[in-house]
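Keep the viewer open as you read.

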Number of protein chains: 2
Amino acid sequence: MPLSDIAEDAQQVMSANKAAVSRALNLVEDRRAESHARVAELLAALKDAPKAAGGHRVGLTGPPGVGKSTLTSVLARGLRLRDRTVGVVAVDPSSMRSGGSLLGDRARMSFDPTDNGLFVRSLATAGEVGGLAYAANSSVRVLGAAYDTVIIETTGVGQSEIDIVHVADTVVLVIQPGSGDVLQFLKAGIMEIPDILVVNKADQDELARRAVADLRGALRTAHAVGAGGAQDGAWETPIVATSATKGSGIDELIAQLDAHRKHVETALLARRRRGEVQWTLDLFIRKHGEHGVSTLGGRRLLKARAERELDGGETPLSLCEQLSREYVAALGQTA
Amino acid sequence: MPLSDIAEDAQQVMSANKAAVSRALNLVEDRRAESHARVAELLAALKDAPKAAGGHRVGLTGPPGVGKSTLTSVLARGLRLRDRTVGVVAVDPSSMRSGGSLLGDRARMSFDPTDNGLFVRSLATAGEVGGLAYAANSSVRVLGAAYDTVIIETTGVGQSEIDIVHVADTVVLVIQPGSGDVLQFLKAGIMEIPDILVVNKADQDELARRAVADLRGALRTAHAVGAGGAQDGAWETPIVATSATKGSGIDELIAQLDAHRKHVETALLARRRRGEVQWTLDLFIRKHGEHGVSTLGGRRLLKARAERELDGGETPLSLCEQLSREYVAALGQTA
């Protein structure tokens with residue numbers, strides 16, 4: 001695809017043309033090398049999209065079965081009622097094993113297909129490790145150029161393939177009453193502390209109250225063991241009780257999302273830049289491994305360089321290509 | 001270290017000399033390149049240890065807080081009472097974030113330090129991704145050359161860094177009553193079906209009965225969605241209720257471990273070989289990434305080659321070194 005087409009495609013994505021957004025995401029999911037090159041060009045063209053800077057990338061994560069899909073659709077509806085446009089990308093790691101989205105999983109999401117301010121895509125890129133991370137990162141950037149709010153929904157606890165902290169401005173961990181295992185992961189510091197905690201399926205007062213109390217305890221322990229976290233500075237993780245099926249708690253969730261978005265406002269570019277630096281390193285390590293990193297001077301040096309060159313206008317994909325060329329050239333000289 | 005020293009060290013490890021085993025594990029945890037080369041030599045020398053072939057590698061996994069450490073020490077004691085020697089390697093991924101094992105975690109294990117038939121080591125190799133997998137794989141091979149039973153205890157659910165299926169002959173998943181999140185992972189097919197399921201903290205009859213019933217349901221669903229599993233052929237995952245603190249259920253757990261070890265007997269070499277092939281690929285990918293794999297002909301070809309060359313006497317570490325040399329040479333020719 002010549003550059004002029006890319007520029008036109010980018011323009012259409014930025015004006016939230018559904019067909020153009022859909023084509024762009026198809027490109028992202030296409031695993032052929034020539035598609036990767038076109039994705040790199042497209043993301044470069046979308047880098048300074050007006051929507052992106054003002055937008056909000058919300059990461060929704062948690063174990064399977066807690067009702068993330070339903071919550072996502074209810075949350076999207078709530079945002080649409082406030083006249084914000086919404087792009088949803090749902091990432092399904094279980095598809096890596098079972099070869100397809102789980103029965104009925106997407107069926108739990110209900111969206112109005114005629115609404116032009118809402119776009120939903122499920123990513124189920126089966127196959128190689130890192131494929132989902134690449135697709136999720138790229139999709140968020142495409143949707144971020146088109147819509148006010150991007151919701152990234154992903155299943156995962158502990159070390160999951162997609163480090164949602166590096167993709168989202170606000171990380172929301174969704175659990176249900178009795179999610180003792182997740183609390184343990186949080187307490188042990190294996191799981192990062194989210195920006196917002198949601199107890200979904202909080203229909204029964206007593207159970208919900210207890211779950212909230214358990215969570216407060218787990219958060220205290222997590223802070224005590226020095227677990228890393230998504231939050232910046234003085235932010236204190238709020239706990240929101242919701243019932244996605246009844247639609248309760250959604251207003252408060254949106255209020256907390258807005259509060260967090262406002263809280264990170266001044267640090268937003270820095271936070272996203274950290275995410276881009278990390279994505280650059282992840283891409284390069286996935287392609288050339290530890291030997292690639294050490295040949296080009298080590299992780300610290302590469303990180304500093306990524307910070308500099310991303311400031312200078314490179315994108316993670318273009319910078320990874322550049323580093324790759326240097327690595328192969330360096331090996332050619334020593335061999 | 002000259003080769004003769006390696007041979008002597010290997011001999012002492014095989015005779016279960018505690019100081020020699022300890023030195024070998026120090027070497028495994030040492031991250032310098034020269035130590036890696038010595039580990040490769042040591043593992044090659046231990047490859048055909050008499051203990052290894054007849055031994056049993058038991059993987060004990062599950063979320064934090066379910067009592068794995070206590071269960072490990074009680075299980076080890078039960079095996080010692082049956083006159084089997086035991087090596088334990090406890091892997092602690094939380095240490096990657098918090099910079100050290102959690103307070104009191106190891107304290108929950110109680111072992112007799114004067115017992116020469118029992119060796120315990122906690123791995124907390126902080127730092128780079130893949131470091132724990134390397135250390136765990138190598139440690140299991142060292143301990144397997146010295147002791148009848150090796151227990152690998154690791155925390156993890158979903159995608160964890162160490163794929164226990166590739167390290168252990170028998171995978172035991174430990175949960176506690178109310179571990180709903182783990183059941184969901186199992187049902188969604190994100191988590192592999194273990195060889196043996198243990199419900200620990202099964203002190204209360206009613207809760208334990210319910211947990212066992214939930215597990216049976218989860219196993220049925222996991223089989224229905226076609227989740228991968230550790231089990232071979234006709235093995236049906238038994239569910240064992242234990243109370244590590246009271247010592248109940250341990251006899252049944254040992255009986256089930258023995259039954260599974262017997263079940264896999266004829267397929268044991270093939271199962272371990274699959275694990276070695278996977279470790280070889282993991283090592284090479286960690287070092288040279290996807291570019292390394294594609295340059296040497298792709299994953300399928302590398303896998304077939306690993307099967308052949310491991311049969312021919314190479315070890316995963318030596319074969320990875322060989323592949324690495326070929327990759328660098330190939331790049332030198334094309335650049």
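The report below moves from the whole chain to the sheet, and then to a pair of helices.

## Ground rules

This is a predicted model, in which local features need pLDDT of at least 70, side-chain atom pairs count only at pLDDT 80 or more, and totals for chains, interfaces and linings use all residues. Residues are numbered from 1 along each chain as its sequence is written, chains are lettered from A and ligands numbered from 1 in the order in which they are written, and side-chain values use heavy atoms, with hydrogens and water left out.

## Chain A as a whole

Chain A holds 13 helices and 7 strands; these are DSSP runs numbered from the N terminus, helices being H or I with at least four residues and strands E with at least two. Of its 335 residues, 55% are buried, where buried means under 20% relative accessible area, exposed over 50% and partly exposed in between, with a 1.4 Å probe and protein chains only.

Among contacts in chain A with a separation of 6 or more, 79% link residues 24 or more positions apart (a contact means heavy atoms within 4.5 Å).

## The sheet

Angles here run from 0 to 180 degrees between N-to-C directions, and axes are lines fitted to C-alpha atoms, for helices over the stretch in contact.

Chain B also has an open sheet of 7 strands, in the order E3-E2-E4-E1-E5-E6-E7 with parallel pairing. There, strand E6 (residues 196-199) of chain B runs parallel to E7(B) over 3 bridges, and B:Val199 has B:Ala241 as its bridge partner in E7(B).

How many residues of strand E4 (residues 149-155) of chain A are buried? The count is 7 of its 7 residues. A:Thr149, A:Ile151, A:Glu153 and A:Thr155 point one way from E4(A), while A:Val150, A:Ile152 and A:Thr154 point the other way. In a regular strand, side chains alternate between the two faces of the sheet.

Strand E1 (residues 56-62) of chain A is joined to E4(A) by 7 bridges in the parallel sense, with A:His56 partnering A:Thr149. Strand E2 (residues 86-91) of chain A also pairs parallel with E4(A), over 6 bridges, and A:Val91 stands opposite A:Thr154. E2(A) is parallel to E3(A) too, through 6 bridges; A:Ala90 has A:Ser122 as its bridge partner in E3(A).

## Helices H3 and H7

The axes of helix H3 (residues 33-46) and helix H7 (residues 131-146) of chain A come within 10 Å and cross at roughly 35 degrees. Their crossing is left-handed, meaning that the near helix is turned anticlockwise from the far one by less than a right angle.

On the H3(A) side, the meeting residues are A:His36, A:Val39, A:Leu42, A:Leu43 and A:Leu46, and they face A:Tyr134, A:Ser138, A:Arg141, A:Val142 and A:Ala145 in H7(A). The residues of this contact divide into 7 nonpolar, 2 polar and 1 charged. Here Ala, Val, Leu, Ile, Met, Phe, Trp, Tyr, Cys and Pro count as nonpolar, Asp, Glu, Lys and Arg as charged, and the others, Gly among them, as polar.

Note on methods
Pairing = 2+ DSSP bridges.
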